[in-house]
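User: Please walk me through this model, one element at a time.
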Amino acid sequence: MICLYNSHMTKKLLAIWFVLNGLLSATEGAALTIEIVGGAAQQIPIAIVPFAQSANLPDSLAMVVDADLRRSGLFRVLETRGVASVPHELAEVKYPEWAALQAQAMTIGKVETLPGNRLQVSFRLLDVVKQSQIAGLEYNITPRQLRQTAHKIADIIYEKLTGEPGVFATRITYITKSGKHYVLQVADADGSNAQTVLSSVEPIISPAWSPDGTQLAYVSFEKKKPVIYVQSLVSGQRYVLANFKGNNSAPGWSPDGKKLAIVLTHGANSQIYLINADGTGLAQLSHSNAIDTEPTWSPDGKWIYFTSDRGGSPQIYRMSVLGGDAQRVTYEGSYNVSPHLSPDGNQLVYIRRDDGKFRVTVQELATGQVQVLSDSAQDESPSFAPNGRLIIYATNINGRNVLSAVSADGRVRQRLSESGGDVREPSWGPL
Amino acid sequence: MIRTRENPLALRAGALSVLVHGLLLTLLVVSFSWHSVVQPLQVAQVELWDSLPTPDQPPPELPKPLPKVEPQPAPKPEPPPEPKAEIQVKIKPPVETPKKVEKKPKEIPKPKAEDKGQDEIKRLQQLLAEDDKRLEHEAQQKDAQQLTEARNAAEARKAAEALNASSGVVNEYKAKIQAKIKRYVNRQVCGNGKPILEFAISLMPTGEISGTPRVTRSSGLPACDMAVEYAIQKAQPLPLPPQPELFAQFRDLTLQFRPNEE
Amino acid sequence: MNKRLMSSIVLAAFLAACSSKAVKEEPKAAVEDKSPTAQVVEKAPAKEAPAATATPVTEQKPTVNPLKDPNNILSKRSIYFDFDKDEVKSEYRPLVEAHAKYLNEHADAKVALQGNADERGSREYNLALGQKRAVAVKKVMNVLGVNDKQIETVSYGEEKPRCAERNEACWAQNRRDDIVYQGEE
């Protein structure tokens, strides 16, 4: 059989076929694609149901978690008191009640006593819309660890819902001054549970965490001149890292913890040196006739960012740890000091003076874009939290130096609780 | 082997089939103007088939005619031409019209005309005889044809207008859905890159989602996927056009997200 | 009888002459003394004791250390600076020169130049700024011939302010370099 296709026939057949297809699509509904580009800076609505716990425990887990999540700026913690049920077990959860509250997620939990004066803390993080569990954990702890456990729970909630590590279980260091009494302290990230590292009648400044969080380097004036010490937070033992002629100050740890960058004067102007963590191997890094100070390492360990007035006024520069020329980093304004890098190395936080006001400022290193984050006038000593999301700094409110935290995008600002007295020189510890 | 097949019922079947096709095809034909049915006698090429081609089998060998087919809608449905075609070539009722044979094939059949030569002459003689029969039929069916023609034209016009209007409404509601969902997308938990997410959802006429959204393309960040799915859920009920016939286009949606772009 | 009177008068005249001699010595010793204690003064009372008519020694005890003498420029120890600056202004030149001169004349004397800054800005930068101010004063002294062996520079930054108010009057007080001699404070 030989089929000879007629061209007209062909065209008509093809036409019919395509038209039919077209009509078929129109009538039977092939999937329309809708593109949604961008979004909003939303807060995640979450309900923290009070944990079932004995009234004589020192801390309310739900309250600690609530305060942590609120402070991060990324969560809207919902009021739960109006809800009829107070579930502590999965079976007790009535999802529609929580959906009515417009919650995206919720937590439930309980604390039970175990023999030997121990506690079992269990919690679940639930997806209210999908009505399923996102995470659930149990902890076997001593009563003293209760607050720290609450911070760990907050960390897990934070990480599951934002994709970033939480910093609620980290620690901060700072110095308080009352009259002529100076105290170097280490506390939880929320400012509670403070412990004394050094107490002195002479000033203490510039505390710096070792990368593993076990040591603090700091500058003490107890010998009537600035001297750098390194102290173990585990044993309390300390040694003199640098006591050269003149000033010894501004210690900054390398990311691998093996070296520090320090500032010496040797009778002349402040210059940057590198030294091994055990005090050996001193080598000069910067060579200028100006002030070079406040050295801080990039997370990849290759660059030292520092403050210098070699251009006539203090600005931030960077140079290779191997030495060589320095490149200027800040170009806006006439006074930029106290640089610290974000954990991912992409941003620089510093203090900028504008019109006599000293303010926390963040700069995007790749683009040079600058954003002033605070509206106060006496900010100092800014540093990033180890997840890069928050910045801690000292500021002056009504004549007193207090600690504050601001989110890296400037949206949320919070005062941290302090025990009284003047608080200054904060530094955020590692994860 | 080529042979002609006699099928007494073919006429009726063919007429019905032609009517149906005519309805469908007028949608593309509206703007076309038609010359009078009666044409001066011209050489008409005819080919005989031994099997009836079905309309939904596109002849695979000739992709070229496609562009020509669409602007000049080849399947111009005209009842009289089709029965004519049927008489002449009984096996190809759905497709053939003498007009087409005359107009369009001018380009394509030319090469074929060169091939056929002597056979052509014989065929043409056959055609001339049949043409007379055809003319009689034409006269009879002229009125009927004109009526259906008019009706088809009107329907075609209405359908085209509806299509234009509906595409405008569809776009309007696409934009509404887009805006409503975007409000709830939390872009703070989607990292620093430019992730792309896709979800497939099925809607009920109320605008609510039936079943659960299906991730067809993940951002790679669980928290981001969660936040986007939450936004979709939160945006219910999605705004839908009031015309029920348009709902079909919205029943299944693909939602594509690029939360970190502007 | 007349002869005895006459001889007593002559003797008395001799005695008066002796006593005046002792008085003259003291002032000289006081001026040359560089230590706070005026050792020379103690000799005089021993001499003067028999001459009860001699002037009381206490009046002759000007043991004023020029470094602490309020009438002496050397008692001024602070050089003040403009905001964020380390230039030694001309009005303080005489002061620096006087101290340089003193150091040149007293090879055993040593000074610590203590630099300070007002509270505005970062502590470490202010520590460095205070240092820069101390170094600026040192350099002026070097030019005037003072050896580095007699000078130590140190900075307290903003950590040792003289006043605590948040105003320009106080800040101006704190932007300074102090000259402190070894053994003082």
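User: Which exposed residues sit on the face of H3(C) turned away from its buried side?

Analyst: This is a predicted model, where local features need pLDDT of at least 70, side-chain atom pairs count only at pLDDT 80 or more, and totals for chains, interfaces and linings use all residues. Residues are numbered from 1 along each chain as its sequence is written, with chains lettered from A and ligands numbered from 1 in the order written. The face of H3(C) away from the buried side carries C:Pro94 and C:Glu105.

User: Where do the buried residues of H3(C) fall, seen down its axis?

Analyst: The buried residues are C:Val96, C:His99, C:Ala100, C:Tyr102 and C:Leu103. They line one face of H3(C), because they fall within an arc of 160°. That arc is taken over directions from the helix axis to the C-beta atoms.

User: Which strands are included in what covers the buried residues of H3(C)?

Analyst: Contact here means C-beta atoms, placed from the backbone, within 7 Å. Helices (H or I, at least four residues) and strands (E, at least two) are DSSP runs, numbered from the N terminus. The cover includes helix H4 (123–143) of chain C. Its strands include E1 (78–80), E2 (111–116) and E4 (176–181) of chain C.

User: How many of the 13 residues of H7(B) are buried?

Analyst: Helix H7 of chain B runs over residues 222–234. Its buried residues include B:Cys224, B:Met226 and B:Tyr230. H7(B) is mostly covered, and the buried count is 11 of 13.

Note on methods. A residue is buried if 20 or more other C-beta atoms lie within 10 Å of its own, exposed if 12 or fewer, and partly exposed in between; C-beta atoms are placed from the backbone. Two residues are in contact if their C-beta atoms, placed from the backbone, lie within 7 Å. The expected span of a helix is 1.5 Å times one less than its number of residues.
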